[in-house]
Amino acid sequence: MTHSVALDGKVAIVTGAASGIGEAIAKAYLSAGAKVVAADLTAPRIDGSPDALLSLVCDVTDDDAPARLCGAAANAFGGLDILVNNAGVCLPGSIEDQSLEDWEKTFAINVTAPFRTSQAAIPMLKERGGGRIINLGSIMSEFGGPGLCAYGTSKHAVAGLSKGMAADLGKYGITVNYLQPGSIWSGMSRPFMADADFRKYWESKAPMGRIGDPEDVAAAALFLATDGSRFVSGAGIRVCGGAMSTF
Ligand SMILES: NC(=O)c1ccc[n+]([C@@H]2O[C@H](COP(=O)([O-])OP(=O)(O)OC[C@H]3O[C@@H](n4cnc5c(N)ncnc54)[C@H](O)[C@@H]3O)[C@@H](O)[C@H]2O)c1
C-alpha cells in the first residue's frame, strides 16, 4: 500500500492565515503542493506564486464570507478539497465578568463561522468525491480554565460541531477533525506569554519542556489533510507536547 503525503492537485481554504497557526498551515500546504486560498481580516503576507496562492481579505463573520471564500477557491483553482476553519479569537473573562458582547463575538468567529463556512464548502467537497474539514479546537475543547469562559465554551462547541459533521458527512468521503493545540507561540498567546509565571507553567507542564510553535500544529494539520488520515474522522488531536496527559 502506498501512502501519499503530498497535496499535489489539492485546493485548500485556510482562514485566519495572516498570523500564527493559520499562516503556518497555509505555508505547510503550499510546500506540500496544494493551492491555497489564505484569508484573514488583513491580506496574509505569504510567499507564493499566484498560480498556487490567493490572499483574500475576508471577515469570516460577514454574511457573504462563506460564498466569497468558496467562490475564490472555485474561480482561482477550480474546486475545493480541504477547508481549515482556523480563524479565532480569545477574549478573556470569567463567568462573573465576561460581557455578552464578547461572548457573542467569540461564538460568531469561533463557532458560527466554521458552521456556515463548512455548510458552503460541502457541495464543493462532494463534487470532488470527498474532502477534509479541519477545525481549530483547543485543549480547552476538553477542559475549563480560569478567566476563559466564552473561549472555553466556544472550543467545546467546536468539538461538538466537528463530531456532528463527521457523523453527517462520512458517507460522502468527507472527514472532519479538530486540532487541540496547547500553549503555542502566536499573536493570540503573546499577551498571556508576557506573564512569566504563565509561560513557565506551560513550559514545565509539557513533558516536551517547551511552548509549541505554530509549525508543530501545522504538521498535524498536514497529516489531517493527506491521504494518510483517510480513516480518521470525528477526532480531536491534542498538539500540546503531552501537557494534558500528565499532572
Ligand atoms: N496559540 C495558542 O496557544 C492556541 C491554543 C489553542 C487553540 N488555538 C487556536 O488556533 C487558532 C489560531 O490562533 P493563533 O494562536 O494562530 O492566533 P493568532 O491571533 O495569531 O491568529 C488568529 C488569526 O485569526 C484572524 N481572525 C480573527 N478574527 C477573524 C475574523 N472575524 N475573520 C477572519 N480572520 C479572523 C486574526 O486576524 C488572526 O490573524 C484559533 O482558532 C485559536 O483559538 C490557539
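Two strands pair if DSSP finds at least two bridges between them. With that in hand, look at strands E4 and E5, which run parallel and are joined by four bridges; here Ile-82 has Arg-132 of E5 as its bridge partner. The model is predicted, so to speak of local features a pLDDT of at least 70 is needed, side-chain atom pairs count only at pLDDT 80 or more, and totals for chains, interfaces and linings use all residues. Residues are numbered from 1 along each chain as its sequence is written, and side-chain values use heavy atoms, with hydrogens and water left out.

**The sheet**

- Strands and helices here are DSSP runs numbered from the N terminus: helices are H or I with at least four residues, strands are E with at least two.
- Seven strands form an open sheet with parallel pairing, in the order E3-E2-E1-E4-E5-E6-E7.
- E3 (53-57) and E7 (236-239) sit at the edges with a single partner strand each, so one side of each has no neighbour in the sheet.
- On average, neighbouring strands are turned by 15° against each other, direction ignored.
- In general, strands of a sheet pair through backbone hydrogen bonds.

**The cores**

- A nonpolar core is a set of buried Ala, Val, Leu, Ile, Met, Phe, Trp, Tyr and Cys residues joined through side-chain atoms within 4.5 Å.
- Buried means under 20% relative accessible area, exposed over 50%, and partly exposed in between (1.4 Å probe, protein chains only).
- The largest nonpolar core has 30 residues, and Ile-25, Tyr-29, Val-36 and Leu-179 have the most contacts inside it.
- Among the elements that each supply at least two residues of this core are strand E1 (11-15), helix H1 (20-31) and helix H7 (214-225).
- H1 gives the most, with seven residues.
- Another core, of 25 residues, lies apart from it and includes Val-11 and Ile-122.

**Two helices side by side**

- Helix H2 (residues 65-77) and helix H3 (residues 100-127) pack at about 35°, with axes 8 Å apart; axes are lines fitted to C-alpha atoms, for helices over the stretch in contact, and angles run from 0 to 180 degrees between N-to-C directions.
- Contact means heavy atoms within 4.5 Å, and the residues making it include Leu-69 and Ala-73 of H2 and Ala-120 and Met-124 of H3.

**A buried serine**

- Ser-183 is found in the loop between strand E6 (174-181) and helix H5 (190-193).
- Ser-183 is buried, with a relative accessible area of 15%.
- Not counting residues up to four places away in sequence, Ser-183 touches Met-193, Phe-198, Trp-202, Ile-211 and Gly-212.
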